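Me: I'm new to reading protein models, and I'd like a close look at a single part of this one. Could you walk me through it slowly?

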Amino acid sequence: MRTIPPPPPAGPAGGLYVHVPFCVRKCRYCDFYSIEAPHPPAAFLEGLGAEIDLVSEGGRLFCDSVYFGGGTPSLLSPGAAARILDRLRRALPLDPGAEITLEVNPGTVDGRKLASFRAAGVNRLNLGVQSFRPEKLGFLGRIHGPQEAVRAFKEARNAGFAQVGVDLIYGLPGESRETWRADLEAALALGADHLSCYLLSIEPGTPLGRERAAGRIRAIAEEEAAELFLFTAEHLSARGFLHYEISNFARLAPGEGGACVSRHNRKYWTGAPYLGFGPAAHSYLPPRRFWNPPDLGRWLAALSSGTGPAAGVETLDRGQQVLEAVFLGLRTLWGVDLGDLRGRLGYDLVRRHAARLERYLESGLLRLEGERLFPTTRGMLVADRLAVELA
Ligand code: SF4
């Protein structure tokens, strides 16, 4: 079994998330908030600047990661990305060595644009490839083909990006272990540093959701999805990847530790603070969570009236904080810190759920080492249920 790296260093460093809710065309499975547009309009960029100044907590949150997500943030011009980064640096103390990630749709970039993003300060890319098979891409309604994804990856390397991740989707109707293996192999052959492998979720209200409701397509069975998940974990572990979160795998070269783990995404799973900007963005300043309306017009209207655009605020009580800590910990390789639960939240999980815990340890869903409770790969499959039962 691969050695588990030490827990991420505790500390107050936060993350910054910029949501760019524009896409060339909606994909057939997508239920994220995004608007079809060739590029982000000027009003959005002005709104972002105003929100950064307004919501930056008086510049108190030290941050060491920025993540441009979407939507399709690669529709930003590199100049606009540089100006957003400048604005963030002026409003908040941002580590000069911060990880700065951009999600890239392969159908929206060329080598020159990628090189300009690198010059603007972006140092990590996540390519939304989803599949290297034309029939899967067609089914999903992506705007790019496999060749564009391969080209974008190679151009990213040529542009000087040392960290390039690939996002893939599996579990389409009729997907077999062989078709999925071919996708994984194609990403590995390119030399991806990070892989995010998401099970297709067919949501109501999307074109795929309507096709399912009409009986034209059928989601794969739960057992098949579980089988593909276990296959993915096994296959990528054997190829030198660290399975550090249910859907996320980081290349682990000898001596690198967890070097390719996404610093930004790890914040979401370890309860670190983060601030989100843009329509539909979420923020977390423990124990307070707040979120923006998934609506460009409402977000802009709030900002132009000089008020914060948050559409909702929630302060987590002690029970919610326990659930959150267990729920997030059981999704990751770092597990749940039982000493922290006891000391910080007064929750003794072992004493409170001794019998249940024993059962899960015996059945191989969980593993206990000292003060840390880890999910096994099979445990990750049912992490949500385990968290509800143990929190
Ligand atoms: S590119 Fe991403 S955000 Fe945009 S429609 Fe497709 S899945 Fe949704």
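What covers the buried residues of helix H11?

Reply: Happy to. Keep in mind that this is a predicted model. The cover over the buried residues of H11 includes strand E15 (336-337), helix H12 (338-345) and helix H16 (383-390).

Now for the helix itself. H11 runs over residues 318-329, which makes 12 residues. From its first C-alpha to its last it reaches 16 Å, close to the 16 Å expected at 1.5 Å a residue. The buried residues in H11 are Val322, Ala325, Val326 and Gly329. Look down the axis of H11 and these buried residues fall within an arc of 90°, so they line one face of the helix. Here's a handy bit of background: an α-helix has 3.6 residues a turn, so residues three or four places apart point the same way.

Let's zoom out to see where this part sits. Where the domains meet, 10 residues of domain 1 are in contact with 8 residues of domain 2. On the domain 1 side of that contact, helix H8 (222-238) and strand E9 (241-245) are the elements that give two or more residues. Sorted by class, that side of domain 1 has 8 nonpolar, 1 polar and 1 charged residues.

Buried in H1 are Phe44, Gly47, Leu48, Glu51 and Ile52. Seen down the axis of H1, the buried residues fall within an arc of 135°, so they line one face of that helix. Their cover includes strand E1 (14-20), helix H2 (78-91), strand E11 (274-277) and helix H10 (296-304).

So, back to your part: H11 has Val322, Ala325, Val326 and Gly329 buried, and strand E15, helix H12 and helix H16 are among the elements covering them.

Terms used: Residues numbered from 1 in each chain as written. Predicted model: local features only at pLDDT ≥ 70, side-chain atom pairs only at ≥ 80, totals over all residues. Helix = DSSP H or I, 4+ residues; strand = E, 2+ residues; numbered from the N terminus. Expected span 1.5 Å × (residues − 1). Buried ≥ 20, exposed ≤ 12 C-beta atoms within 10 Å, placed from the backbone. Arc of directions from axis to C-beta. Contact = placed C-beta atoms within 7 Å. Nonpolar A, V, L, I, M, F, W, Y, C, P; charged D, E, K, R; others polar.
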